[in-house]
Amino acid sequence: MKAQQIAQTYIDNKIVPIPLNKSGDGKGVLIANWQNIYFEAKDFNESNNFGTNIGLNNWIDVDLDSKNAVFFGAKFLKNTLTMGILDPEIASKVHTTHYFYNAEGSNVKEYKCRTYPDGKTIAELRVEGNTVVEPSIAESKLFDKKFVKRKFNNSPGVICEDKNLYNNFNKVCVASVLQTVIASDNMPFVKLTSCLKRYCPNWTDSEIFDFCEAVASSIKGKGGRSIFSWKKIKAKIKSSLNNWEKENTKAAGYQSFAKEVGLDEFYCREMFEWIGKVPIEGSKEDRKTIIDFKQMAMSENAFLREVERSYLAAGLICSVGLYVVAGKPKQGKSRLMKDLAYKVQNGGTWLGHSVDEGDVLLLSLEDNEDSMNIDIKAMGLQYRKKPTTFVDQCPSLERGLVESIELWHKQMDNPKLIIIDTFQKVKPMGSQKTKNANAYEVDYHYLSQLHATAKNLKICIIYVHHLSQADKSHSWDKIMGSTGHQGVTDAMYMLDRVEGTHKGTFKGLGRNIPGFEMDIEWNSNPKEPMTFQYVGDTFEIKTKEHKRSIFKAMKQLALDGQSEVKPSDVYKVLNFVSNKEKGTCNTNMQRMRKRGELREGEKYGTYKLPYTLESYDDDGNLKTGDEPWTVDDGVNHGEIDFEADKIKSNH
């Protein structure tokens, strides 16, 4: 059949066709604004593949991207218009990969994507976009991007509604994951039953049996035959359900199930959230859990296995986890994060530390396109490879943010970093789920979603946040909001800029990095990139400054006739009053003596300069050049052993 005839057939059946480009993956649309165009038959020719416009059709497309999902789609999805792909090796075999439903009768209102623990897609719910249709031949994820033909399984007229589509879709996705991790017909099904009973209170016992049977039947051996006895599993499930109401029953939760089957705990919790509701631990809805700590404790092998931590920015930020960067308003947090985004996207160093190159999503939600344009030009980055940059407004948490992140992650070849600037822009306001919760519970609830996303996708997520105006004794308590920010994040970072100057400090503290504090300086030269530059380690810089102050004070005391001094003499010259200042000075003088930078005086507890007064300038710096101590007198003045009682010096 000619292309225009095929197109007209679609139009007659009230299906909106799209002319696709056969080159590449066979799915491309080269026409601008195609999402809003009702194409006519004359717009098609023999060089076209065919797609259909999901949005204009008012359809929902359940796109099954994995073989597990194809299997469970037939178990849990309601009969409707379906389309499959022809098996590239068995020409007569069709794998049903698309279920099309009328959007009017569905409880699905936005795009959803579910992924396996390794980040690969299980299935998608698509409410708009383009789907390749019969008779096109295009790439397929199901067969490792081989080119395969699309084929409708029934008439377009049979498309139907499904008011429970979202629930049925999630059953497909959860079952697809379980098929990959369950390896026994005993405890995994016992604990799965407890979790379904606990988290899916609307499921009937019959529904639990049907779900578990579908999962059990999907797990097959090499010959393609089921390896489990459903009769045995059914008895286990029945026993578990019968004992459910007993107060002392060891009713497993997601943590116990995750450990049993080898799933990440955060991923497992989210997986059960797809099909039910996991209550906040300790809440009224949370059922008592009795855990056998001895049986479930870490094994010896868990301690002995090799674990190597990887870094996004060497020594500063780990590759996986949730992190907060906090600071006062208008101190340069956003510019610092933009600099990191471009360094990761292009490779290089950030604040003097090498970064791991990869794809970046920059959600710069307090910017607009003009301000972003100006900033990137000022930073000298306009011709560098751009991260995925999104400005203005994006979905909030629980309103599509996590799903949008998962979609981006799926689209990128090497996703590494997501920056959210700022957290307040994605934090839901007035959610029913948190209306009775305190500030800590609210922050913990939403940040845990970001934390779980980072763990599940094995990616680094950094969000920008502000400091409160309140004066707090502990600097990290200044992070605005509750201590939930400190509790959930894997590490915290703080930017503190010295008011009225270009100088500042950047420090970090966390469970997966050593604490650090570095000096940075804003480069305001219009001919150079306007960003923060690494100056050095704050402790080392402060120590050097303190050493110069000690040299300067001791020189002044020597000029006044006091060549041997106690630390208390130095305190007076430097006007040290607090015990902390005095203690630091005393410690530094002891270290300087051990390193040969000071000498021990004749009296106990006194120090003197190792070189002549002319060797030090007015600022306390040891002069370089024609040093008087470099004369060849046979004495090693640079490595004096002050512990020995044999000191030779010409000075």
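The buried residues of helix H5 (buried meaning under 20% relative accessible area, with exposed over 50% and partly exposed in between, for a 1.4 Å probe and protein chains only) pack against helices H4 (165-181), H6 (205-218), H7 (230-242), H8 (254-261) and H9 (265-275), contact being defined as heavy atoms within 4.5 Å. The model is a predicted one, in which local features need pLDDT of at least 70 and side-chain atom pairs count only at pLDDT 80 or more, while totals for chains, interfaces and linings use all residues. Residues are numbered from 1 along each chain as its sequence is written, and side-chain values use heavy atoms, with hydrogens and water left out.

Helices (H or I, at least four residues) and strands (E, at least two) are DSSP runs numbered from the N terminus. Because 11 of the 13 residues of H5 are buried, this helix is largely enclosed by the rest of the structure; among them are Pro188, Phe189 and Tyr199.

Aromatic pairs, counted for rings of Phe, Tyr and Trp (its six-membered ring) with centres within 6.5 Å and classed as stacked when the planes are under 30 degrees apart, edge-to-face when over 60 and tilted for the rest, come to 21. The rings of tyrosine 199 and tyrosine 254 have centres 6.4 Å apart and planes at 50°, so this pair is tilted. Since tyrosine 199 lies in helix H5 and tyrosine 254 in helix H8, the pair ties together parts that are 55 residues apart in sequence. Tyrosine 199 counts as buried at 3% relative accessibility, and tyrosine 254 is buried with a relative accessible area of 11%.
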